[in-house]
Amino acid sequence: MAMNKLYLKAALFMAIIGAVIISVDQSGMFNPDMTNFHEKIQWDSFYDFTRSNDVDVLMVGNSHLYTGINPNHLSCALGANCFILASPGTTITDSYYALKEGLTKCDPKVVVVETYGISSTRVRDLTGGDLTSQFRSFSSRKNILKKLVSTPVLFSPDNYLSAWSSSVRGHDMIFRDPDQIKKNLDGKNVPAKKKDLELGRFTRFITGISDATDKEYDEKGAVVDGNDFKVNRENFDSVRKIQRLCDRKGIRVVFLTLPMYHKHVENYSTWHTIISRVIGLGYDYLDLQEPYDHEVFTKECFEDTRNANQHMTAQGAFMADYKLASFLVDRIQVDLPHRYQSEDWHRLFYGENGYLENYPLDPNDNRNFPLSGKANVGGISILNCAFVPYDDGSQVFMRIDKRTDPALLRNGLELYVNLEMRDGRVERYKIPVRKIKGIEPLRNQVLESNVLPITGVKSASLSGIARLVD
C-alpha cells in the first residue's frame with residue numbers, strides 16, 4: 001500500500017511537471033526569434049499551399065537546396081508547382097521524415113533529393129548549432145503521429161523532451177537572451193509576414209565571390225577534399241528508405257548535387273563515385289559539380305566564402321533551376337502536368353522570378369509595358385517583348401520562337417525604345433538584348449537586357465529593332 005502511494009505521488013508530481021511545461025510552451029515564453037524561423041514559415045506555407053494546390057515536384061534536403069534552387073522560378077520554368085522542404089544543418093535521415101510527412105499532403109510526380117545530407121554524420125550525433133537546426137526542423141513539422149515515430153531515430157533519449165518542448169530546449173534564454181523572453185511575453189515575437197507565394201525559397205546570398213576571395217583560392221587552393229568524403233550506414237539506409245517510399249507510391253525520385261565553386265573542391269571524382277554507389281543503379285542523378293559548367297557557374301553564383309560549407313547565390317540558383325528543369329523534362333522526360341495551360345496557374349505565378357522569360361505579359365498588366373507582339377526581324381521570330389520597371393531600375397525581356405536558329409541570336413538585338421517618364425519627359429534609349437548563357441527556357445528562347453538604371457517610367461513603346469552583328 002505504501003508503495004502504491006509512492007507511485008501515485010510520483011505520477012502526480014510528473015503530471016504537474018508536464019502541465020507546467022505544456023502551459024509554458026503554449027505561452028511561447030521560450031520561443032526563438034520567429035522572424036528568422038524559416039523552417040516554420042516553410043511548413044506553414046506548405047500546409048497552406050496544399051489545401052488548394054497539388055505539388056508536382058517536391059524537393060527535400062538542407063540549406064544547399066533552399067539556397068541553390070528557387071522553387072518559384074523553377075515552377076515558372078516547368079509550368080508546374082514546385083515546393084522545397086529543407087532545413088539547414090540536417091542529414092538525409094531528417095529529409096526522409098520530412099518527405100514522409102510531405103507526401104501525406106501532396107501527390108508529386110517527382111521527388112528531388114539534394115545529396116549534401118548524405119554524409120558521415122549520424123543524426124543522433126548532432127551537437128551545437130547542428131542539433132539546434134535539427135530541433136527547429138522537427139518542431140516545425142505538424143503531423144504528430146509521424147513526429148512520434150521519428151523521435152527515437154532523430155534524437156538520443158536525453159533530447160526527447162527538448163525536441164518536443166520549446167521550454168525545455170530554450171530555458172537557458174533566461175540567462176542567454178532575456179530580451180527575447182520579454183518580447184515573447186509582450187506578444188512582440190511575431191513571425192515575418194509571408195510573401196504571397198511561399199514555396200520554400202530562402203535567399204541568403206546576393207553577391208558572389210569577390211576578387212580578393214578568388215585570389216585567396218589561387219594562393220591557398222581548395223577547401224574541400226573529395227578523398228575525405230565518407231557515408232555512414234544510417235545515411236545509406238535513409239537513401240534506400242526514400243527510394244522504397246517513392247517506388248511504392250509510383251513517384252520518380254531524382255538525386256541532385258548542387259555545385260560549389262570549382263576552385264572550392266579537389267578530388268571531387270571520389271565524392272561523386274561514392275554518392276553514385278549509394279544511390280545505386282536505376283535511379284536518376286543530376287550532378288552539377290561534375291561535369292562543371294564553367295560558362296554558367298561563374299564566381300557570381302557562389303557565396304563569398306572559403307569556409308567548407310559554401311552555398312549558392314540567387315543568381316546561381318537561377319542557373320541551377322534551368323539545369324534541373326531541362327534534366328526533368330528533356331533528359332529523363334518526367335510526365336509533369338501542363339499547369340501553364342491553366343489561367344488559375346498563371347494568376348498564381350504571374351510576376352514571379354522567371355515568369356516573363358517563359359510567358360507573355362498579361363494584357364491587363366498595369367505595371368509592366370508591352371513593347372511588341374509577334375514580329376520577324378532578319379529571320380528572328382519574336383513572340384513578344386516587355387519592358388519591366390523595378391523599384392531601382394528596369395529590364396527588357398524578349399521571348400523568341402524555340403525554332404529560331406540560335407546562330408541568329410549570337411550577337412543579340414538592339415531595341416530603340418521611347419520612354420515617357422512620370423515627370424512628363426520623353427527619353428529615347430538604345431537597349432541591347434542578348435542571350436545569357438544558362439538561361440534556357442523549355443518552350444522558347446529568350447533575350448534580355450542587363451538591369452538598366454532607369455526609374456520613374458510611366459509608359460514605354462518600341463520604335464525599331466536592329467540585329468547586332470560582328
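Is Gln333 buried or exposed? Gln333 is exposed, at a relative accessible area of 61%. Here exposed means over 50%, buried means under 20%, and partly exposed is in between, with a 1.4 Å probe and protein chains only.

Some ground rules. This is a predicted model, where local features need pLDDT of at least 70, side-chain atom pairs count only at pLDDT 80 or more, and totals for chains, interfaces and linings use all residues. Residues are numbered from 1 along each chain as its sequence is written, and side-chain values use heavy atoms, with hydrogens and water left out.

Back to Gln333. Its place is the loop between H15 and helix H16 (343–349). Helices (H or I, at least four residues) and strands (E, at least two) are DSSP runs, numbered from the N terminus. The phi of Gln333 is near 55°, a positive value in a residue other than glycine. Most residues other than glycine have a negative phi, and most peptide bonds are trans.

Asn267 also has a phi near 55°. Asn267 sits in the loop between strand S6 (265–266) and helix H14 (268–279), and Asn267 is partly exposed, at 37% relative accessibility.

Next, the peptide bonds. Glu290 and Pro291 are joined by a cis peptide bond, with omega about 0°. Pro291 belongs to the loop between strand S7 (284–287) and helix H15 (314–331).

Now S7 itself. In a regular strand the side chains alternate between the two faces of the sheet. In S7 both faces are covered: Asp284 and Leu286 are buried on one side, Tyr285 and Asp287 on the other. S7 pairs with strand S5 (residues 252–257) in the parallel sense, over four bridges. Pairing requires that DSSP finds at least two bridges between two strands. Within this pair, Asp287 in S7 has Thr257 opposite.

A second pair is antiparallel: strand S12 (residues 413–421) and strand S13 (residues 426–433), over eight bridges. Tyr416 stands opposite Lys430 in S13. The hairpin of S12 and S13 has four residues between the strands, and Gly424 there takes a positive phi near 100°.

Last, the surface. Which residues form a positive surface patch? They are Lys241, Arg244, Arg248 and Lys249. Patch residues have over 30% relative accessible area and no salt bridge, and like charges are joined within 9 Å. A salt bridge is a side-chain nitrogen of Lys or Arg within 4 Å of a carboxyl oxygen of Asp or Glu. Arg244 lies in helix H13 (residues 233–249) and is partly exposed, with a relative accessible area of 46%.

Definitions and conventions
Patches are made of residues with over 30% relative accessible area and no salt bridge: like charges are joined within 9 Å, nonpolar side chains (Val, Leu, Ile, Met, Phe, Trp, Tyr) within 5 Å. Accessible areas come from the Shrake-Rupley method with a 1.4 Å probe; for residues, only the protein chains shown count as cover. Lys and Arg count as positive and Asp and Glu as negative; His and the chain ends are not counted. The place of a charge is taken as NZ of Lys, CZ of Arg, CG of Asp or CD of Glu.
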